[in-house]
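The following explanation leads through the side-chain contacts of one protein model. Please keep the sequence and the coordinates in view while reading.

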Amino acid sequence: MATSATSDVGLLEQMDTDQLLDFYRQMYLIRRFEERAAEQYAYGKIGGFLHLYIGEEAVAVGAIAAMTERDHLFTHYRDHGYALAIGADPGAAMAELFGKETGTTKGRGGSMHMVHPERNFWGGYAIVGGHIPLAVGAGLAIKHKGEDAVSVAIFGDGSTNSGAFHEAANMASLWKLPVVFLCENNLYGMGTAVEYASAVPQMSTKAEGHGIATEIVDGQDVLAMYDAMQRAIAHCKEGQGPFFLEAMTYRFRGHSMADPESYRDRQEIDHHRERDPIPLFKEQLVEAGKASNDEFEQIDNDVEEIVEAAVNFADESDFPWDSTGYREPTDAFIDAVAF
């Protein structure tokens with residue numbers, strides 16, 4: 001197991017200022033999108049479950065920045081941040097939450113089923129760990145076709161307790177498939193702390209049992225995520241088999257909007273908020289002389305306008321026509337299914 005990775009001054013100096021500022025813009029966009037989504041949920045404009053990504057933005061932004069347009073991405077149901085980071089239109093993403101025809105899946109998927117086929121983002125899956133075998137299947141296809149690409153599966157720490165994870169990890173390792181297993185260890189599986197659900201404290205230990213190379217990375221550091229993901233992808237593309245990246249992170253809100261959060265106290269949350277990835281990165285760039293506070297203020301204002309426009313777009317869009325959800329069976333269909 002590689003030691004826990006954090007970004008260094010060298011990486012900060014090497015990177016282009018525009019790219020660094022774009023990392024900040026993406027994280028802030030996800031944060032404000034999620035906060036406004038929570039607001040709209042409270043207004044009753046978003047139904048069902050709503051799982052917010054607040055606090056984990058550095059993982060999505062850093063990891064996806066290291067991917068190419070050829071790579072494939074599969075995620076769990078806390079998926080709005082990935083959709084935005086990979087390039088989904090904020091208006092279409094918000095409209096999907098509203099269940100509107102203009103949403104990313106025309107209002108049929110909702111919060112837990114974001115997709116962006118143009119960038120090989122295949123969701124957004126509601127079954128815990130259920131998407132991991134799908135990502136391995138994509139890795140098998142990539143290897144079979146000899147493509148210069150990887151398949152990335154993002155999941156929470158709770159998924160590593162499922163049979164689906166272990167079967168998929170074993171197969172990926174056995175066949176040396178180009179799959180990056182990216183585990184977001186936010187210390188809780190729904191309302192259960194890791195120590196009450198896992199026999200080992202680090203999820204990467206489970207991957208090592210399948211002969212998979214692993215690394216633990218600071219998930220609150222966007223540059224550390226970007227750097228570690230580059231190494232993981234390079235490992236896979238060199239034909240060395242899968243890679244397991246464990247991002248240590250923390251969600252600042254409950255498991256979902258319906259979560260009373262009775263399993264953790266305010267002091268714990270406040271402690272982790274001291275490492276909020278967005279202000280930490282902003283402070284890092286200012287201290288390094290990469291950007292000024294005025295530049296960040298402009299970015300913040302631009303993001304506010306984008307998110308406000310997204311909410312208005314979703315609110316003003318139409319719901320799907322009832323007729324699109326049901327179609328009268330044809331005579332040919334009736335004949336085909338008749339006994």
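Which residues do ring pairs link into a cluster? The cluster consists of F155, F165, F181 and F244. This is a predicted model, in which local features need pLDDT of at least 70 and side-chain atom pairs count only at pLDDT 80 or more, while totals for chains, interfaces and linings use all residues. Residues are numbered from 1 along each chain as its sequence is written, and side-chain values use heavy atoms, with hydrogens and water left out.

A pair of aromatic rings is described by the distance of the centres and the angle of the planes. Rings of Phe, Tyr and Trp (its six-membered ring) pair if their centres lie within 6.5 Å; planes under 30 degrees apart count as stacked, over 60 as edge-to-face and the rest as tilted. Over the whole structure, the search returns 11 aromatic pairs. One of these joins Y24 and Y28, which are stacked because their ring centres are 6.0 Å apart and their planes lie at 5°. The two tyrosines are 4 residues apart in helix 2 (residues 17-42), a separation of about one helical turn; helices (H or I, at least four residues) and strands (E, at least two) are DSSP runs, numbered from the N terminus. Both Y24 and Y28 are buried, where buried means under 20% relative accessible area, exposed over 50%, and partly exposed in between (1.4 Å probe, protein chains only).

F155 and F181 are both buried.

Aromatic rings also meet charged groups. A charge sits over a ring if NZ of Lys or CZ of Arg is within 6 Å of the ring centre and within 35 degrees of the ring normal. The charged end of K100 is placed over the ring of F319, 4.7 Å from its centre, and R264 lies over the face of Y188 at 5.7 Å from the ring centre.

Side chains of opposite charge can pair when their charged atoms come close. With a salt bridge defined as a side-chain nitrogen of Lys or Arg within 4 Å of a carboxyl oxygen of Asp or Glu, the whole structure holds 17 salt bridges. Among them is R31 with D276, whose closest N and O atoms are 3.0 Å apart. R31 lies in helix 2 and D276 in the loop between helix 10 (266-273) and helix 11 (277-287), so the pair connects parts that are 245 residues apart in sequence. Both R31 and D276 are buried. R32 forms a salt bridge with E304, the closest N and O atoms being 2.7 Å apart. Since R32 is in helix 2 and E304 in helix 12 (residues 293-316), this pair ties together parts that are 272 residues apart in sequence. R32 counts as buried at 16% relative accessibility, whereas E304 counts as partly exposed at 28%.

Finally, the cysteines deserve attention. A disulfide is a pair of cysteine sulfur atoms within 2.5 Å, and by this rule the count is 0 disulfides. The sulfur of C183 is 16 Å from the closest cysteine sulfur, in C236, which is too far for a bond. C183 is buried, with a relative accessible area of 0%, and C236 is buried at 5%.
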